[in-house]
Amino acid sequence: MSRKLVSLFLAALMIFSMTSVLAEDTAVTVTDMYGREIILTEPATRIVALQPSDCEILCAIGCEDALVGIGQYCDYPASITNLPKVQSGKETNIEEILALEPQIVLMNDMSQSEDQVKQLEENGVKVVISTTSDIASIYTAIRMIGALMGKDDNAEALIADIQATCDEIRAKTEGNEKTVYFEISPPPYLYSCGSSSFTHELAEICGLKNIFGDQADPWLMISDEQVIERNPDYIILMNGMGAEGIDEIAARDGWGDITAIKEKNIYYDGTSMMTRPGPRLKDAVIELYNFVYGDEAEEVPAA
């Protein structure tokens, strides 16, 4: 073999080696919250996020530009609301999603089905599944999405920011014995939260006792009688009824003697921050603290 051919061979080998190294450097491997391994040659650049909390996480770590479509209930931050919206849950239209040409679809196990996952993957779209109930799982979802986007540092910074606020408020509220009732759904299907929910932990951080904290399920169906018997000091409405829900709950049969209603300690969360397992957990902690402790909340860092 001539020197020229040897030189060309070595040059080609070096280019191949460099290309392989670069490919390895940009490759992304993520294990989703169902234990499924997702491999990308580089961080994702085209995402459809069906779940509002996943959408908020993407935006909070600086990846809003990667969104090419969002689920019908995704409405925060306001800057995403003009993006193409797709049906989610039982009404999910696979062709509608495929038309947006995403690399990745982020979905939640509570809203989507295995058949939908299969259809998307058969069409070359990778599906990443999140499942969140407590605060630890929120942090897992943030890290997972951060890894998917090549934004691990941003994800860790977001988690640290949330934790710092939670720790500061927890330290301020030790010793409070007041109780709270979270209403997720109004009658006739009353739903609240149990001890394995992030909402329960939100109460604990703010020094409150969830009246259904003795129930293990994150979300549970309850009765009027149970709420009346447990007599909460505070009521947090997350039931989608709007501000009118405050008047409605006060007028319910048998509820008039509940301490929270007599003392008008009812808060309506009109922003969904207390129902979404995502980055606005920090804002939810601050808002609940402000509601319960009034002027003392001035010491809490701004959201």
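In this predicted model, strand β4, spanning residues 67-71, runs parallel to β5 and is joined to it by two bridges. One spot to look for along this pair is G71, which sits opposite V86 of β5. Zooming out, β4 and β5 belong to an open sheet of five strands, laid out in the order β5-β4-β3-β6-β7, with parallel pairing. The sheet ends at β5 (85-86) on one edge and β7 (126-130) on the other, and each of these pairs on one side only. As a reminder, strands of a sheet pair through backbone hydrogen bonds, in either a parallel or an antiparallel fashion.

Helix α2, made of residues 52-60, lies across β3 (47-49), β4, β6 (104-108) and β7, and its direction is at about 150 degrees to that of β4. Helix α4, residues 114-122, lies across β6 and β7, and here the angle is about 150 degrees to β7.

Strand β6 also carries N108. With a relative accessibility of 3%, N108 counts as buried, because the cut-off for that label is under 20%. Setting aside neighbours within four places in sequence, the residues in contact with N108 are Q51, I129, S130, T131 and T132.

Moving on to the aromatic residues, the structure holds six aromatic pairs. One of them is Y181 with F212, an edge-to-face pair with 6.3 Å from centre to centre and 65 degrees between the planes. This pair ties together distant parts of the chain, since Y181 belongs to strand β8 (residues 179-183) while F212 comes from the loop between β10 (209-210) and β11 (219-221), 31 residues apart. Y181 and F212 are both buried. The ring pairs go on to bring in W255, giving a cluster of Y181, F212 and W255.

As for the protein as a whole, eleven helices and 13 strands are present. Some 46% of its 303 residues count as buried. Among contacts with a separation of 6 or more, 59% come from residues 24 or more positions apart. The accessible surface comes to about 15,200 Å², and carbon and sulfur atoms account for 50% of that.

Definitions and conventions. Residues are numbered from 1 along each chain as its sequence is written. This is a predicted model: local features need pLDDT of at least 70, side-chain atom pairs count only at pLDDT 80 or more; totals for chains, interfaces and linings use all residues. Side-chain values use heavy atoms; hydrogens and water are left out. Two strands pair if DSSP finds at least two bridges between them. Helices (H or I, at least four residues) and strands (E, at least two) are DSSP runs, numbered from the N terminus. Contact means heavy atoms within 4.5 Å. Axes are lines fitted to C-alpha atoms, for helices over the stretch in contact, and angles run from 0 to 180 degrees between N-to-C directions. Buried means under 20% relative accessible area, exposed over 50%, partly exposed in between (1.4 Å probe, protein chains only). Accessible areas come from the Shrake-Rupley method with a 1.4 Å probe; for residues, only the protein chains shown count as cover. Rings of Phe, Tyr and Trp (its six-membered ring) pair if their centres lie within 6.5 Å; planes under 30 degrees apart count as stacked, over 60 as edge-to-face and the rest as tilted.
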